[in-house]
Every structure is written in structure tokens, then in C-alpha cells.
Amino acid sequence: MYDVIIIGSGPAGLSAAVYAKRALLDVLVIEKEAYSGGQIIKTDQVDNYLGLNGIGGYEMAVRFKEHAKALEVKFQTGMVKAVRDNGKKEAELSDGTVLTANAVIIATGAKHRKLGAEGEDEFTGSGVSYCATCDAVFYKGKDVVVAGGGDVALGDALHLAKGCRKVYLVHRRDTFRAANFLQEKIKNTDNIEFLPFYEIKKIAGNGMVEEVTMVQNQTGEEKKLPVSGVFVAVGMEPDTAFAKNTVALDEKGYIVAAEDCRTSVEGIFVAGDVRTKQNRQIVTAVADGANAALAAEEYIDGMEQ
Ligand code: NAP
């Protein structure tokens with residue numbers, strides 16, 4: 001039995017762990033893999049975290065975890081398949097282990113959205129990638145396509161353009177969500193070609209990706225691109241199936257909570273990208289972690305009175 005179980009070890013979860021530990025709570029962090037750290041571990045470079053401009057995402061994840069470890073936060077590897085409120089809070093792992101605590105903080109982040117193109121699953125790992133930072137090295141001198149119009153897609157296209165011969169940036173509209181400075185850089189990079197109003201429908205090849213088929217969504221015209229890699233960067237979606245019978249979710253599956261990080265169930269808190277919120281940034285995840293831990297401390301103090 002712990003004071004607080006934190007599910008997830010990205011910036012939100014680790015920030016919550018540091019704050020909870022400093023409140024002298026007995027804290028367990030459950031992480032999917034020993035090498036976790038959330039989305040930042042797959043981010044090439046982080047330029048907007050105050051005081052750490054230009055830090056590599058992996059280095060940042062390592063430093064966050066070292067901070068929690070230095071405070072002797074406990075870690076356990078496991079996949080949570082259910083969170084329950086039976087007076088005490090329970091987190092059930094996929095191997096059947098049930099862990100209990102006075103409070104739970106859910107900080108599970110979000111996972112990559114798929115394109116939904118034919119062949120996407122078949123070629124994942126054989127030319128289809130969701131992480132340019134991890135896989136760009138395999139595409140040196142080759143032609144690749146990046147799908148999406150957000151910060152990640154444009155950042156990925158720029159990263160890939162450093163080593164690839166040609167990068168096609170395919171987006172379903174002609175305007176981007178991505179930050180203006182990224183859009184400027186894209187315009188000024190010779191080996192990036194922007195293809196607006198296209199949607200990738202099919203990915204094909206012989207063992208490895210060789211070609212994508214796209215459709216122009218205004219004219220219906222079909223176009224084939226010979227490419228070796230397909231980098232999918234069409235956003236994230238929350239992974240909250242394990243909590244859906246316990247806490248309130250919004251229509252997209254995010255856990256409903258305001259800035260105080262209190263969910264619809266007393267004693268269960270939510271922090272980071274998995275919470276309903278406007279801005280999903282590292283700094284807002286870290287802030288959530290602090291808010292959730294302080295709210296959990298207040299809740300536990302209230303139980304003892
Ligand atoms: P995002 O901002 O949600 O952008 C997703 C993009 O994919 C959008 O352009 C969207 O098109 C497109 N899209 C969605 N579903 C699609 C589909 N089925 N087929 C084709 N295109 C599809 O996602 P993101 O770029 O992954 O970024 C996630 C969050 O992390 C954002 O809040 C972003 O600002 C943040 N982020 C921050 C940093 C940083 O702090 N430096 C770095 C990276 C990301 P539409 O535009 O037409 O909807």
C-alpha cells in the first residue's frame with residue numbers, strides 16, 4: 001500500500017513524483033518499460049523549455065528520471081489495465097498484480113495516431129515510422145514522405161532533410177498548425193517539397209516500403225510517390241481505456257479535469273497530455289505534475305483528519 005501511485009513516467013509523472021516525494025509521501029511510479037520517459041525521449045531537440053534551450057529530448061528524459069531517482073522514488077515496470085476506486089485506489093497490472101494506494105495520479109500521456117492507410121501496419125518498422133528522431137539515420141540519401149501539418153511533422157521534415165535526398169511533406173490542407181518559425185524554415189529548405197491537399201491512402205513495397213499512393217482531396221486525383229520511408233506525424237491520442245469505467249472522459253478520450261488536476265473521482269488525479277487542456281507542452285505537463293501531487297497531498301492529509 002502506497003500513499004500515491006503515479007501511472008506514467010513522462011515529464012508529468014516524474015514531476016508529480018518529485019513533488020509528492022518532497023511532500024514526504026511514499027510514491028510508486030508505474031512505467032510501461034524501463035526505458036520510458038514519454039514522448040520527449042523521441043524528440044530530437046527541445047527549444048522552448050525555459051533555461052534548457054536546445055537540449056536533446058533523450059537527455060532531458062534522462063535528467064528528469066535521475067531527479068526522481070535521487071529522491072528515491074520507487075519505480076515498477078508494468079502495464080496498467082484498470083484503475084479502480086474501492087475506497088482505497090487500485091491499479092491492476094496486465095499480469096494480474098493489484099497495487100493499492102490512497103491516491104492515484106494518471107500521467108499516461110498520449111500515443112501516436114495512425115494514418116489509417118492500407119499497408120500502414122504491415123510496413124511499420126519496414127519503412128513506416130512514427131519517430132523521425134529514432135529512424136532518420138536509416139534514410140540517409142533516400143527519398144521519404146512525412147505526413148501531417150503540426151509541429152511534429154514540420155520538425156520531422158526538417159530533421160530528415162538534413163540527411164535525405166528529398167523529403168515530401170504531405171498534408172490534408174494547405175495551412176499548417178505548426179509554429180510559424182517552422183513554416184519559414186520549411187519554405188527555405190531546398191530538398192523539402194510541400195504537397196497540400198493530399199492524403200496517403202496506400203503504402204506498398206516488396207518487404208520494404210517502395211511507394212505511397214495519395215489522393216488529392218479536392219479533385220480526387222491519384223498520385224504515386226516512389227519513397228523508401230513514410231514518417232507519420234498526424235498527432236496523438238490518449239490511451240485511457242484502462243480508466244474509462246472509473247473517471248469521466250471527454251468525447252476524444254481525454255480525462256476531464258481542470259488545472260487542479262482533480263478528476264471526477266476523489267483521490268484520482270490526472271496530469272499532462274492525457275488531461276483535457278488547451279496546450280500540450282513539456283512545461284505544461286511538468287506544471288500539471290506539480291499541481292496533481294500537491295492536490296494528492298491535500299487529499300491524503302484530509303483523509304487522516
Ligand atoms: P497536432 O498539432 O495535433 O497536428 C497533427 C497534424 O496531423 C495536423 O496538421 C492534422 O491536420 C494532421 N492530421 C490529423 N489526423 C490526420 C489524418 N488522419 N490524416 C492526415 N492528417 C492528419 O500534433 P503534433 O504535431 O503531433 O503535436 C502534438 C502537440 O505537441 C501539439 O500541441 C504541439 O504543439 C506539441 N508539440 C510541441 C513541441 C514543442 O514544444 N517544441 C514539439 C512538438 C509538438 P489538420 O491540421 O488538418 O487537423
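Close-up 1. β1 (residues 2-7) is mostly covered, six of its six residues being buried, where buried means under 20% relative accessible area, exposed over 50%, and partly exposed in between, with a 1.4 Å probe and protein chains only as cover. The pairing of β1 with β8 (residues 98-106) is parallel and extends over five bridges, while four bridges join β1 to β2 (residues 27-31), again with the strands running parallel. From β1 the chain crosses through helix α1 (residues 11-22) to β2 in a right-handed β-α-β crossover, a term that applies if, with the strands pointing away from the viewer, the path from the first strand over the helix to the second runs clockwise. Strands are taken as pairing if DSSP finds at least two bridges between them; the elements themselves are DSSP runs, with helices (H or I) of at least four residues and strands (E) of at least two, numbered from the N terminus.

Residues are numbered from 1 along each chain as its sequence is written. As the model is predicted, local features need pLDDT of at least 70 and side-chain atom pairs count only at pLDDT 80 or more, whereas totals for chains, interfaces and linings use all residues, and side-chain values use heavy atoms, with hydrogens and water left out.

**Close-up 2. The five-stranded open sheet and strand β11.** Five strands, in the order β10-β17-β11-β12-β13, form an open sheet with parallel pairing. Its edge strands, each pairing on one side only, are β10 (128-129) and β13 (192-196). Strand β11 (residues 143-147) pairs in the parallel sense with β12 (residues 166-171) over five bridges, and there Val145 has Tyr168 of β12 as its bridge partner. Four bridges join β11 to β17 (residues 229-232), these two strands also running parallel, and in β17 the bridge partner of Val146 is Phe231. Because five of the five residues of β11 are buried, this strand is largely enclosed by the rest of the structure. In a regular strand the side chains alternate between the two faces of the sheet. In β11, Asp143, Val145 and Ala147 point one way and Val144 and Val146 the other way, and all of them are buried. Together with helix α4 (residues 151-161) and β12, β11 makes a right-handed β-α-β unit.

Close-up 3. An oxygen atom of the ligand is 2.6 Å from an N or O atom in the side chain of Arg177, and for the side chain of Asn48 the corresponding distance from a ligand oxygen to an N or O atom is 2.7 Å. Taken alone the ligand exposes 910 Å², of which the protein buries 74%, the accessible areas coming from the Shrake-Rupley method with a 1.4 Å probe.

**Close-up 4. Ala110 in strand β9.** Ala110 is found in strand β9 (residues 110-112) and is buried, with a relative accessible area of 14%.

**Close-up 5. Two loop residues with positive phi.** Leu24, which is not a glycine, has a positive phi of about 65°; Leu24 has its place in the loop between α1 and β2 and is exposed, with a relative accessible area of 76%. Glu72, likewise not a glycine, has a positive phi of about 65°; Glu72 is found in the loop between α2 (57-70) and β5 (74-77), and is exposed with a relative accessible area of 62%.

Definitions and conventions:
Polar contact = N/O pair within 3.5 Å; in protein donor to acceptor, adjacent residues only side chain to side chain.
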